[in-house]
Amino acid sequence: MAQIFSKSANMIPVITLLLIILLVLGGISFFWYYGSPKFTDVGYRPDQPVDYSHKLHAGDLGMDCRYCHYQVEKSRHSNIPPTKVCMNCHSLIGLDKETLDPVRESFANNTPIEWIRVHNLPEYAYFDHSLHLRSGVACIECHGNVAMMEKVQQVEPLSMGWCLDCHRDPASHLRPPSQVTNMYWSPPKGHDEWAQSFIQENQINPPEDCSACHR
Ligand code: HEC
Ligand code: HEC
Ligand code: HEC
Ligand code: HEC
Ligand code: HEC
């Protein structure tokens, strides 16, 4: 008996060492997975079927976001424009450009361009564009300066913690709703007082309870 006891006692340091190694490896892969850009999706910038540039259209040409994303103030989802919106201009402009071939084909064949989604919340999380815009939260707060992007890239994590950071203290993130698509707006003097009275008048009270975002 005594001998068996001492034999297995000798195994204890070995087992402990193995457990420690397993824990460390598990820890590393945990942070690898949760910290990697694929999980948080920050930096995700897929190639699109058409070399469409926000920098050219929304930046250099100065088009308002709502010319194309015209549902964004009215509905939960912001629409991606149908090809006929592009053809408002491109039935006249860039007729000699090969980069526009897929746009003309889509229009002629009446088949939508298969744009690849950049931002995507999981099914179980509820988000509504129109309400945020009405409350003076600008596109740039959540999407960055899209008017400078050749190719749209996700710049914020869109994680629960990120949503809640703003919900807990929205004042510094708000602006007059007329300025929500302006990429170059900056807070004028006295913005803090403006924000406080805007919050009061409009009874802005972003939810922190689970059922608001998980319904
Ligand atoms: C001329 C039309 C047009 C204008 C103007 C425009 N967009 Fe877009 N937008 C598109 C198209 C087409 C796509 C889909 C292809 C892509 O992602 O680049 C898109 C995609 C996006 C996406 C990514 C959607 C996703 O898949 O997650 C965001 C965010 C966005 N636009 C924001 C803006 C903002 C902000 C402005 C104003 C500064 C703006 N857009 C102006 C046409 C436009
Ligand atoms: C408070 C943060 C926030 C603001 C403000 C915001 N967006 Fe978004 N946007 C998101 C989130 C989150 C998603 C992903 C939604 C989903 O997967 O259901 C998204 C998705 C999109 C999409 C893809 C289609 C969709 O609705 O899922 C487009 C296009 C877009 N946004 C454009 C805009 C434009 C243009 C503005 C300003 C007029 C804007 N967004 C303002 C957070 C925001
Ligand atoms: C308000 C007018 C207007 C609208 C609407 C518009 N564009 Fe453009 N687009 C232009 C102008 C102007 C140019 C620059 C043409 C040039 O350089 O000759 C351009 C250039 C382009 C180019 C680059 C052509 C090249 O190779 O130089 C592409 C691709 C393009 N647009 C795609 C789109 C798509 C896709 C849409 C719809 C989502 C769209 N455009 C909507 C005005 C517009
Ligand atoms: C930059 C600030 C900001 C960010 C980021 C933000 N919100 Fe909000 N949210 C607000 C404000 C302001 C309101 C408006 C509250 C009001 O009008 O009472 C609001 C309201 C809401 C509401 C209640 C209104 C409704 O649609 O039922 C939900 C749900 C919501 N947000 C979900 C989200 C989710 C999910 C995210 C993250 C993906 C998010 N929000 C990110 C500022 C923000
Ligand atoms: C302001 C909106 C908002 C509120 C309020 C909110 N959540 Fe979430 N939650 C989200 C979003 C957005 C995600 C998706 C995060 C992602 O894609 O990484 C999420 C993800 C989750 C997940 C999935 C695991 C994870 O972390 O990714 C759980 C579980 C969860 N929420 C539980 C809760 C509980 C419990 C509450 C109440 C105490 C709550 N949430 C309140 C927006 C919210």
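Let's start with ligand 5: helix α9 gives the largest share of its shell, 4 residues. Helices here are DSSP runs of H or I with at least four residues, numbered from the N terminus. Keep in mind that this is a predicted model, where local features need pLDDT of at least 70 and side-chain atom pairs count only at pLDDT 80 or more, while totals for chains, interfaces and linings use all residues. Residues are numbered from 1 along each chain as its sequence is written, chains are lettered from A and ligands numbered from 1 in the order in which they are written, and side-chain values use heavy atoms, with hydrogens and water left out.

**Around ligand 5**

- Residues in the shell include Pro122, Tyr124, Met160, His167, Cys210 and His214; a residue belongs there if one of its heavy atoms lies within 4 Å of the ligand.
- Two helices, α9 (160–168) and α11 (210–213), each supply at least two residues of this shell.
- The shell splits into 8 nonpolar, 2 polar and 2 charged residues. Here Ala, Val, Leu, Ile, Met, Phe, Trp, Tyr, Cys and Pro count as nonpolar, Asp, Glu, Lys and Arg as charged, and the others, Gly among them, as polar.
- His214 has a polar side-chain atom 2.8 Å from a nitrogen atom of ligand 5; such a polar contact is a pair of N or O atoms within 3.5 Å.

**Around ligand 1**

- This ligand has 20 residues around it, and the closest are His54, Cys65, Cys68, His69 and His119.
- In the shell you'll find 13 nonpolar, 5 polar and 2 charged residues.
- A nitrogen atom of ligand 1 sits 2.8 Å from a side-chain N or O atom of His69.
- Oxygen atoms of the ligand take part too: one is 2.8 Å from a polar backbone atom of Val118, and one is 3.3 Å from a polar side-chain atom of Gln48.
- The elements giving two or more residues to this shell are α3 (54–60), α4 (65–68) and α8.

- His129 is in helix α7 and His143 in helix α8, 14 residues apart, so the pair links distant parts of the chain.
- His167 is buried at 15% relative accessible area, while His132 is partly exposed at 26%. Buried means under 20%, exposed over 50% and partly exposed in between (1.4 Å probe, protein chains only).

**Loop residues**

- Ser135 lies in the loop between α7 (129–134) and α8 (139–143), and its 18% relative accessibility makes it buried.
- Beyond its neighbours within four places in sequence, Ser135 is in contact (heavy atoms within 4.5 Å) with Leu174, Phe198 and Ile204.
- Most residues other than glycine have a negative phi. Asn110, not a glycine, has a positive phi of about 55°, and at 70% relative accessibility Asn110 is exposed.

Terms used: Polar contact = N/O pair within 3.5 Å; in protein donor to acceptor, adjacent residues only side chain to side chain.
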